[in-house]
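Student: I am new to this structure. Please take me through one part of it closely.
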Amino acid sequence: MALFGFFSKEKKETLDKGLEKTKDSFFGKLSRAIVGKTTIDEEVLDELEDILVSSDVGVETTVKIIKRIEERVARDKYATTAELDIILREEIASLLTENKSVDVTDSFETEHLPKPYVIMVVGVNGVGKTTTIGKLAHQFHSRGHKVILGAADTFRAAAVEQLKLWGKRIDVPVIDHGMNTDPSAVAYDALKRGMEINADVIIIDTAGRLHTKVNLMNELSKIKRVMQKIIPDAPHEVLLVLDGSTGQNAVIQAREFTKVAEISALAITKLDGTAKGGVVIGISDEFKIPIKYIGVGEKMEDLQVFDRSEFVDSLFKKI
């Protein structure tokens, strides 16, 4: 499969390596399931269903994939188990195409975006939210864009300090008021400062709490209202960060956050340390929200723009 534009050889190699655990686990199970079998019969499909569910693709998405394969096998009487991975690959690629997980151009370029482009980042504590913000800021900054960070997760001292450390590390200013201060005031000042210096991108960190949904909804709504006093259409993007290594817990978090916030994009982190990469397929199918970034390593460049074609290619790549 061809590499598209911004997708360099190095990034492709990182993606291949990042999905290794998922690929090895999935194809190991699939090989064992079809050993000694030649036709794609009901028993093979039952085994495949179990494999997809155990790979955190999700029950509903798995049923959808199995149904598509059944229909193809019914049309093509000569389909064999040797072709199963090809059929599976094509159906997963088709599913991702139908969802909003479309291939995007390099999302770290800003020429086509409003200026300043305001991103509000949400997600529970521990998913890699602040690290994702740091990596996003680095990639924008490294392309010559002016970036400002707003430390509006003011309920955790560690979150504010971590963001400030990221700011120093990548030479990007961070607006903070310290801990236990008004998050919306931080966001307001970050946007105000961004307008003053003609920033290209402003990224606002927010509190990662789900146990008080009403308070979270009210807080995020207030932050948006206050930001709109400075930039009427802010935020331009609400990015939900999910930890891919938690499998179905990530799906549950996505369900909860979509109830309280208008999520417009997703970042799925920590895929390199897990065999649960199938969760990307299930999340894309269930929520129809664009997966914009995936994390496949520790380095700053290892937060990649999600390319469905390359994702499927890496997942099914034979050694």
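Student: Which helix does K129 lie in?

Tutor: K129 lies in helix α6, which covers residues 129-142. Helices (H or I, at least four residues) and strands (E, at least two) are DSSP runs, numbered from the N terminus. The model is predicted: local features need pLDDT of at least 70, side-chain atom pairs count only at pLDDT 80 or more, and totals for chains, interfaces and linings use all residues. Residues are numbered from 1 along each chain as its sequence is written, and side-chain values use heavy atoms, with hydrogens and water left out.

Start with K129. Its relative accessible area is 3%, so K129 counts as buried (under 20%; exposed is over 50%, partly exposed in between; 1.4 Å probe, protein chains only). Beyond neighbours within four places in sequence, K129 is in contact (heavy atoms within 4.5 Å) with V121, V122, G123, D153, D205, T206, G208 and V241.

Now the rings. The whole structure holds 6 aromatic pairs (Phe, Tyr or six-membered Trp rings, centres within 6.5 Å; planes under 30 degrees apart are stacked, over 60 edge-to-face, the rest tilted). In one of them, F26 and F316 have ring centres 6.5 Å apart and planes at 70°, so this pair is edge-to-face. Helix α6 takes part in another. F108 and F140 have ring centres 5.4 Å apart and planes at 80°, so they too pair edge-to-face. This pair links distant parts of the chain, 32 residues apart: F140 sits in helix α6, F108 in the loop between α5 and β1 (117-122). F108 is buried, at a relative accessible area of 1%. F140 is buried, with a value of 1%.
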